Amino acid sequence: MVKTLAGAAAAARAGEVSPTELVEQALARYELLGEQLNCYRTPLHESSLARARELEALPAAERASLSLYGVPVSVKDCIATAGIPTSIGSPILRDFRPLENARAVDQLLAAGAIVVAKDNMYDFAYCGPNAAFGDAVNPWSGSQTTGGSSSGSASAVASEISLGALGTDGGGSIRIPSAYCGVVGLKPTFDEVSGVGELPCQGSLSCVGPIARTVEDVRLLFRAIRARKPPAGDEAGQPGLAGVRIGIPSNLDAASAEVARCFDAACSSLAAEGAILSQTAPLNFAAARAAMWVITGVEYAEALRPLLRSRPGDFHPLTRTLLERAEYIPATEYVHAQRVRVALCREMTGIMKQVDVLLLPTVPTAAYPKPAEIGSPDEAADHPVNLSTLYTALFNVTGQPAVTVPCGLTDAALPVGLQVVARPHAEETALRVALAYESANPSASTAPPLSVSSLGGWG
């Protein structure tokens, strides 16, 4: 079985494997593990095989030009797919079928990809686990969270059911589940990937981005869906890190001892690759997270107002509570949060003038036990859900690109994520650093020890 997206696309273009064979491999893997992991909301067996046959009928020259030719991918269930159920993780929209694809889906298809499924996710991509369809399971441990809200996308990629996936990230929703599941996830700059067709649009903080098992795979997906022309040169392909300036925030004390151990080892590895590491001023994580909750809450409540009025009982209880409370947030508080956002952007611009990228853990801890799943903005700061967004929300508020890459395991064999953050629209710089780390530390990225028997007792 071809296990990387880049390898599958290259093999298919070379005629070593057909798109139909790649789809059949993905479907067989789903039949083996998919039900236990609950990573898909809607498998697309028939349409994906039909799409594979269409691709095989293309002229050879056209097949050779497609960067994702024949590659099976899955798409988070809040990203529109024409004629295919797009529930946004809610029973309210169980039968909703958009008339058009999201722009990012059309771009994937134009590059030759095959959508094999819609991925499971949190209720309306918000705080509540999926009460209607069940939670996606973390392939590393059924008792630990998969994270949200792109839980099914990360689970599918980590378990090798899907070669790549599209998720969305409004406060860490690509990076957190990617870190918890031991895969690579990229939150692009806010307007670097079109948000047309993300349902409901999470407004000014959310964006569509790729998840895959390697940095190269994420880069291929990102280049296929980006809205802007790529910059001159290929920064991610440049060898080594000689002269690259990496900033380490001085306030990373929330990281657990095991996460700190993995992070320190990653810093040493990048220094050995020629990077210049230095400490930066502390980052205002708390203010960013507070602003994120206000901005997201108000914008989400406005987008979902009709459904909240007509079918309040069908929302996950936590989602409903937070949305109803958000409706009472004063306009002055929303304006204040936007002013905090402007100030944080200005502050980060100053810090990023001194470095090329920032380096920090993706999440302060490894995946936490499922009973701690529910949280809200007014829980204690060290509540697992709130702690999970501590190092991610800032970069949604500032709009900066951030990529997470696996950087080892805890003593309990749970993945740890390393986050690389660049200036706006400098995704290639972040990917270059992530690729250098991944290349120098191949053992840091490992597959979960999956077997059908090990999944038997998971729920």
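Where does Thr 81 lie? Thr 81 is in the loop between β2 (72-76) and α5 (103-110).

## Basis of the model

This is a predicted model, in which local features need pLDDT of at least 70, side-chain atom pairs count only at pLDDT 80 or more, and totals for chains, interfaces and linings use all residues. Residues are numbered from 1 along each chain as its sequence is written, and side-chain values use heavy atoms, with hydrogens and water left out.

Helices (H or I, at least four residues) and strands (E, at least two) are DSSP runs, numbered from the N terminus.

Thr 81 has a relative accessible area of 2%, and it is buried (under 20% relative accessible area, with a 1.4 Å probe and protein chains only). Leaving aside residues up to four places away in sequence, Thr 81 touches Thr 86, Pro 98, Glu 100, Asn 101, Val 105 and Lys 118; contact means heavy atoms within 4.5 Å.

Eleven strands form an open sheet with mixed pairing, in the order β1-β3-β2-β4-β6-β5-β10-β11-β9-β7-β8. At the edges stand β1 (40-43) and β8 (276-280), each with a single partner strand, so one side of each has no neighbour in the sheet.

Within this sheet, β10 (residues 402-409) and β11 (residues 415-422) pair in the antiparallel sense over six bridges; two strands pair if DSSP finds at least two bridges between them. Ala 402 has Val 421 in β11 as its bridge partner.

Terms used:
Buried means under 20% relative accessible area, exposed over 50%, partly exposed in between (1.4 Å probe, protein chains only).
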